[in-house]
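Please keep the sequence and the structure in view while reading.

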Amino acid sequence: MLKLDAVTHIYPNGTCALDDVTLNIPKGMYGLLGPNGAGKSTLMRSVATLQTPTFGSICFGDIDVIAAPERLRERLGYLPQDFGVYPRVSAYEMLDYMAVLKGVASAPERKDTVETLLNQTNLWAVRKKAIAGFSGGMRQRFGIAQALIGNPELIIVDEPTAGLDPEERNRFLNLLAEIGENVVVILSTHIVDDVADLCPRMAVLAAGKIQIEGAPHQLIERSRGSVWAKTIPREQLDEYRERFEVISTRLFAGRTIIHVLSPSDPDDGFKAVEGGLEDVYFSTLAQTRRASVAA
Ligand SMILES: Nc1ncnc2c1ncn2[C@@H]1O[C@H](COP(=O)(O)OP(=O)(O)OP(=O)(O)O)[C@@H](O)[C@H]1O
């Protein structure tokens, strides 16, 4: 449904934030995972028509997003990474105002839209409160409510769960999953669990390039046999880092569990790890780093 073909973005200072990104994103929840600075926001902003890539094409169904951005905007819902100002007006008034801006002209239709969205995002009870006084989770749910005005077919959410407590995060992700049943939802995040819990398909973006793409379970399957674990005394960590490609470390009961990347059994008391999406992600980042050092 959404097709990116050889999308490259070079900022005026010469930073190449996207390097030949090609992706086909179907209906449903799609996870775009990457560390800070990977290029996720640049990609999200390009798809949301807020900036034009230096090269490449973006199509949504039969819409050429670069040639006809206004056609995409009619079908787009966008929750940016930083929503900016949180006004002192109530959630109800703000949604009503945003519905006017999105072209919902008739008052009865707007009332219906705003009330439905407030209920859907569980904000009905606080509809008369100022958004400025909302918690992080409530603000994010308001962000989704405004993104859903006008029944968008493409929804972009940029790092939506950063700073949310576990309960709010859960509630927010469940809301996204419900929405994602019928439309394209792109979830950009650096939190592996957000993608693991929700997205039938995903890509890892690092250093401006798509490093891996597919269904999480396939990517986990592919990484099998390459990640190994060992529990070590904490003071030996530096020594292990020198000898092995350590992709993650975790403290457990005063000891340190390390995961290392190795195409075969490194011996030395390591055990094969069944592997989860976190191992896939950290191995991918380690390989990206290795490739950039070699280049
Ligand atoms: N306006 C700009 N001018 C120059 N460089 C930029 C600009 N915006 C972003 N960059 C650079 O482009 C690269 C990608 O940035 P981008 O914000 O897209 O990454 P990100 O994956 O969204 O990271 P974060 O999660 O930190 O926002 C980074 O190296 C960043 O410093």
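The buried residues of helix α4 pack against α3 (91-101) and α5 (136-147). The model discussed here is a predicted one. The protein is divided into domain 1 (2-214) and domain 2 (221-294).

**Helix α4**

- Helix α4 comprises residues 107-120, 14 residues in total. From first C-alpha to last, α4 reaches 20 Å, close to the 20 Å expected at 1.5 Å a residue.
- Thr113, Val114, Leu117 and Leu118 are the buried residues of α4.
- An α-helix has 3.6 residues a turn, so residues three or four places apart point the same way.
- Pro108 and Glu109, on the other side of α4, are exposed.
- Just after α4, Asn122 takes a positive phi of about 60°.

**The two domains**

- A distance of 33 Å separates the C-alpha centres of domain 1 and domain 2.
- Contact between the domains involves 10 residues of domain 1 and seven residues of domain 2.
- On the side of domain 1 that touches domain 2, α7 (192-198), β9 (201-206) and β10 (209-214) each supply at least two residues. The largest share of this side, three residues, comes from α7.
- The residues of this side of domain 1 divide into nine nonpolar, one polar and no charged.

**The shell around the ligand**

- The residues around the ligand include Tyr11, Asn13, Thr15, Gly34, Lys40, Ser41 and Thr42.
- Helix α1 (residues 40-47) provides the largest share of this shell, three residues.
- By type, the shell around the ligand holds three nonpolar, eight polar and one charged residue.

- Most residues other than glycine have a negative phi.
- Asp20, found in strand β2 (residues 16-25), has a phi near 60°, a positive value in a residue other than glycine.
- Is Asp20 buried, partly exposed or exposed? Asp20 is partly exposed, because 14 other C-beta atoms lie within 10 Å, and the partly exposed class falls between 12 or fewer for exposed and 20 or more for buried.
- Asp268 lies in the loop between β13 (255-261) and β14 (271-272). The phi of Asp268 is near 55°, again a positive value in a residue other than glycine.
- Asp268 counts as exposed because it has 11 C-beta neighbours inside 10 Å.

Technical notes: Residues are numbered from 1 along each chain as its sequence is written. This is a predicted model: local features need pLDDT of at least 70, side-chain atom pairs count only at pLDDT 80 or more; totals for chains, interfaces and linings use all residues. Helices (H or I, at least four residues) and strands (E, at least two) are DSSP runs, numbered from the N terminus. The expected span of a helix is 1.5 Å times one less than its number of residues. Two residues are in contact if their C-beta atoms, placed from the backbone, lie within 7 Å. Domain bounds come from an automatic or database domain assignment. Ala, Val, Leu, Ile, Met, Phe, Trp, Tyr, Cys and Pro count as nonpolar, Asp, Glu, Lys and Arg as charged, and the others, Gly among them, as polar. A residue is near a molecule or strand if its C-beta atom, placed from the backbone, lies within 6 Å of it.
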